[in-house]
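Welcome! Please take a moment with the sequence and the model, and then let us walk through some side chains together.

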Amino acid sequence: MPADPYSLFSVLCTVNSDLSSQTAAAVARSSYGKLIAFLAARTRDVAAAEDALSEAFAAALATWPRDGCPANPEAWLLTVARRKLIDMFRASRSHESAFGRGFDPDFDMDQFVAPSNVAPEIPDERLAMMFACAHPAIDATVRAPLILQVVLGLDARAIASAFLTSPAAMSKRLVRAKTKIREAGIPFRVPARADLLPRLDTVLNAVYAAYAEGWADPAATDPAQRDLAEEGIFLARLLAALLPDEPEVLGLLALVLHTEARRAARRTAAGDFVPLAGQDPAQWNAALILEAEQLLHRASAHGALGRFQLQAALQSAHVHRVRTGESNWADVVALYDALFALTQSPVVAVNRAVALAELSGPAAALAALDSLAADPQSSARLEEYQPWWAARADLLARTGAYAQARHAYDRAIGLERDDAVRRFLALRQSALPL
């Protein structure tokens, strides 16, 4: 299992107050995926690259507090990881046993580790790595999780939580996928356009999942999660630079920028949760909103609507309503209808029901939630989905079913990880008539 670079550097900063936390955070954010991509592209063995870089991070944890942070932390890590790979190679009986059939037997491993071979600027090959992870030879269910692990350094537990599966099952799938990359000799390169587009949705999903994981720390108190949000935006911008005429790429970037623009308004100075309807638009980042709107306009000009564009359009509609006070719930419900037609996602259906309550009343929204829960394919997932219970609690309260609302609030509070949201829900629950 690869070491989590964010955790390593959090410890590093804790044990050495003289080490610049900004430097450590920058290395963890910018270097992990970049170095994995560089090493794996040359050895064609993702697991070996992860193991070597994990040892390099551990070496940094041991030596940097004592000796100080090197002038070029990225080059330092790469040099150590290269040497670890050489040790692994020399301890093996053959190239094949060390790196599998995908390893290039003509590659000069001694030159690979030579100090003179460390360029001042290490090429950024993360996009190539992402498209390799999205190769059709890899099981479709593990492509996006694989990208999150090899490019961002997330562990199997964190990934499993995001994809609603067990850590053990996710870990096994990730190991099998890395073995497949090695054994099939999957190339580490950005594919030609004909091969690129079929993989694009997987890459977009992974980038958005990275951003969403970072978004889960709204107060930006966890450096690891904050860096993930920044990494998601960075990768979305990278994709937009690579594919400036792909509407869904533009839609993804618009979506994360619209969302990020409201970060400062999600909490009061005391750290209390503020729902969208109660946020102060003056606290929103107007420049990010303007950029997101321009991206949406560019995307719409292509006439090829996709789910990321629809999600971004929903964010745009919410922003417009709060800024102007104009009711646009009919448009919002229509957007959710279009999004559900594309995704068939129960998560989208829950959000649609919340919007429907504003358009047609809480009884109609409850009927929509009940219909969703009656679907065997959705019911099991909804049972553990906090927003479903929170929405149900609010709607039940609005119809006067206070006892049922209280129970739904109990379930929502129990499932919520964010203390501020838990307090918000508890206050709503305590305000219910007895």
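Glu358, Asp394, Arg398 and Arg428 are joined in a network of salt bridges. A salt bridge here is a side-chain nitrogen of Lys or Arg within 4 Å of a carboxyl oxygen of Asp or Glu. By this rule the count comes to 18 salt bridges. Before going further, please note that this is a predicted model, where local features need pLDDT of at least 70, side-chain atom pairs count only at pLDDT 80 or more, and totals for chains, interfaces and linings use all residues. Residues are numbered from 1 along each chain as its sequence is written, and side-chain values use heavy atoms, with hydrogens and water left out.

Let us look at some individual bridges. Arg42 and Glu125 meet through their side chains in a salt bridge, at 2.9 Å from N to O. This pair links distant parts of the chain: Arg42 is in helix α2 (residues 21–43), while Glu125 is in the loop between α6 (109–113) and α7 (126–133), 83 residues apart. The helices (H or I, at least four residues) and strands (E, at least two) are DSSP runs, numbered from the N terminus. Arg42 is partly exposed at 22% relative accessibility, and Glu125 is partly exposed with a relative accessible area of 22%. In these terms, buried means under 20% relative accessible area, exposed means over 50%, and partly exposed lies in between (1.4 Å probe, protein chains only).

For a charge to sit over a ring, NZ of Lys or CZ of Arg must be within 6 Å of the ring centre and within 35 degrees of the ring normal.

Next, find Asp337 and Arg352, whose side chains meet in a salt bridge of 2.5 Å, N to O. Here Asp337 belongs to helix α16 (residues 329–343) and Arg352 to helix α17 (residues 346–360), 15 residues apart. Asp337 counts as partly exposed at 35% relative accessibility, and Arg352 is partly exposed too, at 23%. In the loop between α16 and α17 you will also find Gln344, which has a positive phi of about 55° although it is not a glycine. Gln344 is exposed, at 52% relative accessibility. Arg44 has a positive phi of about 60° and is not a glycine either; its place is the loop between α2 and α3. Arg44 is partly exposed, with a relative accessible area of 33%. Why point these out? Most residues other than glycine have a negative phi.

One more bridge joins Arg411 to Glu384, with the closest N and O atoms 3.7 Å apart. Arg411 sits in helix α21 (residues 402–415) and Glu384 in the loop between α19 (376–383) and α20 (386–398), 27 residues apart. Arg411 is partly exposed at 23%, whereas Glu384 is exposed at 53%.

What does a charged residue without such a bridge look like? Glu248, in helix α13, is buried yet has no salt bridge; the nearest side chain of opposite charge, Arg307, is 5.5 Å away. Leaving aside residues up to four places away in sequence, Glu248 touches Leu204, Gly306, Arg307, Phe308 and Gln309, where contact means heavy atoms within 4.5 Å. The charged end of Arg307 sits over the ring of Phe308, 4.2 Å from its centre.

Now for the aromatic rings. The structure holds 6 aromatic pairs. Rings of Phe, Tyr and Trp (its six-membered ring) pair if their centres lie within 6.5 Å; planes under 30 degrees apart count as stacked, over 60 as edge-to-face and the rest as tilted. Trp64 and Trp76 have ring centres 5.3 Å apart and planes at 70°, so this pair is edge-to-face. Because Trp64 lies in helix α3 (residues 46–67) and Trp76 in helix α4 (residues 73–90), the pair ties together parts that are 12 residues apart in sequence. Trp64 is buried, at 2% relative accessible area, whereas Trp76 is partly exposed, at 25%.

Finally, the structure holds 0 disulfides, a disulfide being a pair of cysteine sulfur atoms within 2.5 Å. Among the cysteines, Cys69 is partly exposed at 31% and Cys133 is buried at 0%.

Conventions:
Lys and Arg count as positive and Asp and Glu as negative; His and the chain ends are not counted.
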